[in-house]
Each structure stands twice: as C-alpha cells, then as structure tokens.
Amino acid sequence: MGAVGGALIGAALLLLSTFNPPAYAAVRGFFAEITTPVSSGLDWIKRSIAGTPAGIAEHWDVKAENDRLKKELADNNTLVERARTLNQENRRLRAMLKLRDATTDSVVAARLVNSSASSTRRYATLNAGSWQGVKRGQPVREPDGLIGQVIEVGPNSARVLLIIDSSSNIPVRRTRDGLPAIATGRGDGQLDLKSAAVTSGDFKPGDLFVTSGTGGIFPPNIPVARVVRAQGVTAIGQPAANPDALDFALVQQPFLPEPTPSPSPTPGGAAPK
C-alpha cells in the first residue's frame, strides 16, 4: 500500500510538473516548508552523535594538557625559588669572603649549622673546630654585625653563645656620641641596652651601638644593635645580625691577646734562671 501510494503521488507530481509548472512549484514549496525543519533537526542529531567521540577525546586531551602545564608551572616555580635561595646564599657568602679578606684577624669562615631559636638559652653550632684553628673565647660575626662568642670547641665543630642569650654581656658604645653601654641578651631575640656612664643614656630609636673593644675580646666597631624602643634609662635593641637567618659566620681572633702569666715565685725568693 505504501509503495502504491508513493507511486501514485509521484505520478501525479510528474503530470503536474509537465502540464502546470506554476502549480507544481507551489506544491514543491509547500512540502519544502514542511520538511526543512525536520531535515535540519535530523541533521543536527546526526552531527551531534557523530561528534560525540571526538568531543570526549578532545576533553581528555585538554585535561591531560592542563595537568601537564600545571605540573610544568609548579616545577618552574620550584626552580625559581631554588635559584632565588642560591642567589641569596651566594650573595651572603661573597660578603663573608670579602669581610674575611678585609680583616687581618680572621680565623675561619664556617657555616652556622643550627641555632636554638625556640629555647630561652640561645646557642649556635659552627661546622669548624680546633682542627680549623677555632678556640674558646673567640668572637663570631658576619658582615652585618656581631653574632656571639665561642664557648666550646671540638675537632670539627664549635658551640657559640649568641649575643641574644640572657648570659651574654657585650661592652658597646653609641656611634653618635661614644656613650658607653652594656648590651645584654633578653633570650627573646632582642637586647637590653644599659648606659655604663654616670649620666642618663638618653636613648632614642635608631641609635646604633657597636662594640667598644673594652675587655679585649670583641674587636671595636662591630655593629651590635639598634634601639627600637627607649625605656627610661634603658632601651630595647634589635640585633644587627640575625643568627636565625644566617648561613655563614666568621670566627676572629680576640681583640687583645691573653696576658702572659707571670712566673710563679720560687722558694726562698730567688728569681728563676
């Protein structure tokens, strides 16, 4: 039935196109208006179905590329941070070597292995000891300022008492007028500055204190602390050198050599020959 109906419709359209072309054009336009949306919809569905595998593959390709770019960015950031750290370390090392070459009393430039930042007692460890010429009592510094003093020595390591330890007392002087003072560690990363003169210290924020050379241990003019807050006759100072952020330190000879011990008297008062 369908075939016969289709044949009859086809024959009718053929006769119409032959004997009445205008009418045939009108009929053709009518059917085109009906079938065009249907054809368009079917074509869209066809293209959507055909493009689904390609779309899925493209999605996974884009995701993989995105993951690769993220990893590459993270690796680049790591390299940049590592390069920045090495650059800072090299800059500090160059400054340390320059300081070592400029001083005549340097013993050795060594690495600060660790420092006790979380303890009330403040110590640090150097990776140099008696085999490198380090001795007990020698001052330790870096280009920005004083760090502390060697208190224990091993063959290849040494323990340093930091100036911020509560048992550390450093004779200092104020650079603007030479006022003598004592810098005592507070154990919290800062220093107490107390005037050693009869008159009041008249401390002002920004005052710089350096070693005075008094006592013969620390060479003079090494930066020690800068006043951050005045408290009457005393002041709170921020150390010029931060041992918690240091990589290298320079060990120096004491400012004055130890006095030669006097010969002990012999029995009877006779002078030794």
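## A loop to start from

Let's begin with Asn221, which sits in the loop between β9 (208–211) and β10. Keep in mind that this is a predicted model. Asn221 has a positive phi of about 75°, although it is not a glycine. Is Asn221 buried, partly exposed or exposed? With a relative accessibility of 47%, Asn221 counts as partly exposed, because exposed means over 50% and buried means under 20%.

## The chain as a whole

Stepping back, you'll find 2 helices and 12 strands in the chain.

The chain has 273 residues, and 27% of them count as buried. Its accessible surface comes to about 17,100 Å², with 60% of that belonging to carbon and sulfur atoms. As for who touches whom, take the contacts between residues at least 6 apart in sequence: 57% of these join residues at least 24 apart.

## The barrel

Now for the strands that close up on themselves. There are 6 of them, forming a barrel in the order β6-β7-β8-β11-β10-β9, with antiparallel pairing. From one strand to the next, the twist averages 40°.

## Walking around the barrel strands

Start with β7 (residues 180–185) and β8 (residues 191–195): they run antiparallel and are joined by 5 bridges.

Next comes the step from β8 to β11, an antiparallel pairing over 4 bridges. Which residue of β11 is the bridge partner of Leu191? That would be Gly237. Carry on from β11 (residues 234–239) to β10 (residues 223–231), and you'll meet 6 bridges between strands that again run antiparallel. Here, Arg229 stands opposite Ile236 in β11.

## The nonpolar core

The largest nonpolar core has 35 residues. Which of them touch the most other members? Those are Leu126, Val140, Ile147 and Val224. One of these, Val224, falls within the stretch of β10, residues 223–231.

Val140 is worth a look of its own. Leaving out residues up to four places away in sequence, Val140 touches Leu126, Leu146, Ile147, Gly148, Val150, Val160, Ala249, Leu250 and Val251. Leu126 and Ile147, both in that list, also belong to the group that touches the most other core members.

Technical notes. Residues numbered from 1 in each chain as written. Predicted model: local features only at pLDDT ≥ 70, side-chain atom pairs only at ≥ 80, totals over all residues. Heavy atoms only, no water. Buried < 20%, exposed > 50% of the residue type's maximum accessible area, 1.4 Å probe, protein only. Contact = heavy atoms within 4.5 Å. Areas by Shrake-Rupley, 256 points an atom, 1.4 Å probe, with all protein chains shown as cover. Pairing = 2+ DSSP bridges. Axes fitted to C-alpha atoms, helices over the stretch in contact; angles between N-to-C directions. Core = buried A, V, L, I, M, F, W, Y, C linked by side-chain atoms within 4.5 Å.
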